[in-house]
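Please work through the exercises below with the sequence and the model at hand. Each task is followed by a solution that goes step by step.

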Amino acid sequence: MATNLDHAAIVERLVKVRDGARDAGFSEFAARFDGIEALAPGQIGAKVIGALTWVQDKPDYRTYATQLEMVAVNLKNLK
């Protein structure tokens, strides 16, 4: 698991999660990350934790949960 993602890499990964979810028809989930590129570090962290909590009991979202887990490990690197 990558533990050296910087701010730009975290945002890039969340944009990929958002776009992939939208392409897969998970628009409600994808909307959680709309405008992620312009958010402050604390706001990004809150979005990631909120989304992880939301997907916990949704097996169809496992791919996204895995990506969010990787991002969550790197939240300390947001600056």
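**Exercise 1.** Determine which helices the buried residues of helix 3 pack against, and which residues of helix 3 are buried.

Solution. In this predicted model, the buried residues of helix 3 pack against helix 1, helix 2 and helix 4. The next step is to list them: Ile44, Gly45, Val48, Ala51, Leu52, Trp54 and Val55 are the buried residues of helix 3. As for the geometry of the element itself, helix 3 has 15 residues and spans 21 Å from its first C-alpha to its last, which is close to the 21 Å expected at 1.5 Å a residue.

**Exercise 2.** Describe how helix 3 and helix 4 cross, and name the residues through which they meet.

Solution. Begin with the axes: those of helix 3 (residues 41–55) and helix 4 (residues 62–73) come within 10 Å and cross at roughly 145°, and the handedness of this crossing is left-handed. Then turn to the residues, where Val48, Ala51, Leu52 and Val55 on the side of helix 3 meet Ala65, Leu68, Glu69, Val71 and Ala72 on the side of helix 4. Sorted by class, this contact comprises 8 nonpolar residues, no polar ones and 1 charged residue.

**Exercise 3.** Identify the buried residues of helix 4 and state what covers them.

Solution. Helix 4, with 12 residues, reaches 17 Å between its first and last C-alpha atoms, close to the 16 Å expected at 1.5 Å a residue. Its buried residues are Tyr64, Ala65, Leu68, Met70 and Val71. The cover over these buried residues includes helix 1 (7–23), helix 2 and helix 3.

**Exercise 4.** Is Trp54 buried or exposed, and which residues beyond its sequence neighbours does Trp54 contact?

Solution. Trp54 is located in helix 3. Because its relative accessible area is 19% and the cut-off for burial is under 20%, Trp54 counts as buried. Once neighbours within four places in sequence are set aside, the contacts of Trp54 are with Glu28, Phe29, Arg32 and Tyr61.

**Exercise 5.** Assign Arg18 and Ala40 to their classes of accessibility, and describe the surroundings of each residue.

Solution. Arg18, which lies in helix 1, counts as buried because its relative accessibility is 9%. Apart from neighbours within four places in sequence, Arg18 touches Ala30, Phe33, Asp34, Gly35, Ile36 and Glu37. Ala40 is found in the loop between helix 2 (27–31) and helix 3, and with a relative accessible area of 36% Ala40 is partly exposed. The C-alpha atom of Ala40 is separated by 8.9 Å from that of Leu78, a residue 38 places away along the chain.

Terms used: Residues are numbered from 1 along each chain as its sequence is written. This is a predicted model: local features need pLDDT of at least 70, side-chain atom pairs count only at pLDDT 80 or more; totals for chains, interfaces and linings use all residues. Side-chain values use heavy atoms; hydrogens and water are left out. Axes are lines fitted to C-alpha atoms, for helices over the stretch in contact, and angles run from 0 to 180 degrees between N-to-C directions. Helices (H or I, at least four residues) and strands (E, at least two) are DSSP runs, numbered from the N terminus. A crossing is left-handed if the near helix is turned anticlockwise from the far one by less than a right angle, and right-handed if clockwise. Contact means heavy atoms within 4.5 Å. Ala, Val, Leu, Ile, Met, Phe, Trp, Tyr, Cys and Pro count as nonpolar, Asp, Glu, Lys and Arg as charged, and the others, Gly among them, as polar. Buried means under 20% relative accessible area, exposed over 50%, partly exposed in between (1.4 Å probe, protein chains only). The expected span of a helix is 1.5 Å times one less than its number of residues.
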